[in-house]
Structure formats: structure tokens, C-alpha cells
Amino acid sequence: DQQVKQNSPSLSVQEGRISILNCDYTNSMFDYFLWYKKYPAEGPTFLISISSIKDKNEDGRFTVFLNKSAKHLSLHIVPSQPGDSAVYFCAASARETSGSRLTFGEGTQLTVNP
Amino acid sequence: DTEVTQTPKHLVMGMTNKKSLKCEQHMGHRAMYWYKQKAKKPPELMFVYSYEKLSINESVPSRFSPECPNSSLLNLHLHALQPEDSALYLCASSQGVLIGELFFGEGSRLTVL
């Protein structure tokens with residue numbers, strides 16, 4: 001049972017344009033959502049998070065949107081840069097019941113072309 | 001210092017060997033985790049330690065034995081592994097099990113022959 005789903009295994013965008021990565025979840029107990037970026041041969045790096053009491057969180061070029069009714073979140077990167085090329089994992093936790101235990105999506109490979 | 005350091009980066013072992021993976025963090029975090037990641041799959045939680053005590057074991061086979069000697073160190077002892085245990089083993093830490101994002105190490109790439 002895949003509780004966190006990233007339906008696009010890959011995404012290719014042009015440098016300077018917007019990258020939109022999507023994530024859906026099924027567990028209504030999830031109340032905290034995170035995005036991680038992973039380069040080859042490295043561990044995942046925390047990027048940005050959002051609590052279920054918010055619908056938007058912004059940090060520089062990165063913005064995460066949360067639609068609780070649709071159980072959907074998205075990561076917007078604008079403008080996209082070639083260095084953003086990596087695998088992006090969406091993750092979720094149910095902090096009230098499971099603490100920081102994270103459930104990850106399967107990842108989306110983002111390629112930003114110069 | 002915001003690093004989680006894992007050693008070794010690569011390990012090849014036979015099915016009868018005993019080896020250990022090591023993880024160290026100096027961020028004062030009180031929760032530490034072991035995750036396993038197979039190729040093209042998301043990380044899967046194995047163990048969680050909170051204040052040096054095992055708090056979660058995700059039904060991991062006993063051939064994997066975690067140990068937390070102190071608040072900065074986390075080990076994963078390996079014995080009688082199977083080839084299907086070959087994977088990237090990721091260590092992570094957070095301020096606590098209820099707070100803070102997870103910071104991951106670079107992982108230990110394990111190959112079981």
C-alpha cells in the first residue's frame with residue numbers, strides 16, 4: 001500500500017522556467033510533509049517542509065503548496081537551474097502518532113536543461 | 001556542523017561474514033534512524049532510536065542488529081545476510097522523534113555476495 005505517491009518518475013524543464021513536482025497521499029493522519037533532494041551517491045538532503053495547518057510555504061526559489069482536501073502537495077521551483085537536476089522525494093509523517101517516522105514517495109527525477 | 005557521517009561508504013561481504021555499519025552525528029540530535037534504499041525505490045525505515053533507546057523496529061530480520069552506544073553514534077551489525085539485502089543503508093538524525101527534520105548521511109552501499 002503506497003501511502004505517498006509521486007506519479008511522474010521524471011520531469012524535464014528548460015533552465016529559467018518553472019518546475020512543478022507533484023505528490024499525492026492517502027493517509028489522512030499525515031500532518032507534516034517534506035521534500036528531499038537526492039544527488040547520485042549522496043543521501044537525501046532536506047529541502048522544504050509544510051505543516052498541515054498551512055497551505056503554502058516559501059523558501060527562496062522553492063515553494064510547497066498543500067491541498068488537504070485533495071490530499072495533494074506540489075513543489076514549485078522557479079526559476080529552475082541546471083544544479084537543481086536531482087531526484088526529488090516527497091515524504092510525509094503523522095507526528096501525533098508516529099513522530100518523525102517518514103513515509104517516502106518513489107521520487108521524481110528532475111532534469112533542468114541549460 | 002550539520003553532518004551525519006557514515007562509514008564505510010562501500011562494503012562487500014559474503015553471506016557468512018559479520019560486519020558493521022557506523023553512523024555519527026554531532027548536532028546534539030536525540031533521535032537516530034536506519035533506512036534501507038533499493039535502486040529506484042524510496043528509503044524504507046528500519047529502526048528508530050530515541051534517547052539511545054530502540055523505539056521502533058519495522059519488523060526487520062534479526063540478521064540486522066542495531067546498536068546505539070551513545071547519543072552521537074549508531075551502529076548496524078550485519079550477520080548472515082542474503083544477496084537481496086544488498087542496498088544503500090542510510091543513517092539519519094533529528095532533534096527528537098517528534099520534532100525536527102531528518103538529516104541524512106551519504107549512505108553505505110552494501111553488496112552481499
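User: Why is A:Ile20 called partly exposed?

Analyst: This is a predicted model, in which local features need pLDDT of at least 70, side-chain atom pairs count only at pLDDT 80 or more, and totals for chains, interfaces and linings use all residues. Residues are numbered from 1 along each chain as its sequence is written, chains are lettered from A and ligands numbered from 1 in the order in which they are written, and side-chain values use heavy atoms, without hydrogens and water. A:Ile20 has 37% relative accessibility; buried means under 20% relative accessible area, exposed over 50%, and partly exposed in between (1.4 Å probe, protein chains only). A:Ile20 therefore counts as partly exposed. A:Ile20 belongs to strand E3 (residues 19-25) of chain A, strands (E, at least two residues) being DSSP runs numbered from the N terminus.

User: Is A:His76 buried or exposed, and why?

Analyst: The relative accessible area of A:His76 is 18%, so A:His76 is buried. A:His76 lies in strand E8 (residues 72-77) of chain A.

User: What makes the pair A:His76 and A:Ser74 a polar contact?

Analyst: Their side chains are joined at 3.4 Å. A polar contact is a pair of N or O atoms within 3.5 Å; within protein, one must be able to donate a hydrogen and the other to accept it, and residues adjacent in sequence count only if both atoms are side-chain atoms.

User: How do you know that strand E3 and strand E8 of chain B pair?

Analyst: Seven bridges join strand E3 (residues 18-25) to strand E8 (residues 73-79) of chain B, and the two run antiparallel. Pairing requires that DSSP finds at least two bridges between two strands. B:Lys19, for instance, has B:Leu78 in E8(B) as its bridge partner.

How values were computed: Helix = DSSP H or I, 4+ residues; strand = E, 2+ residues; numbered from the N terminus.
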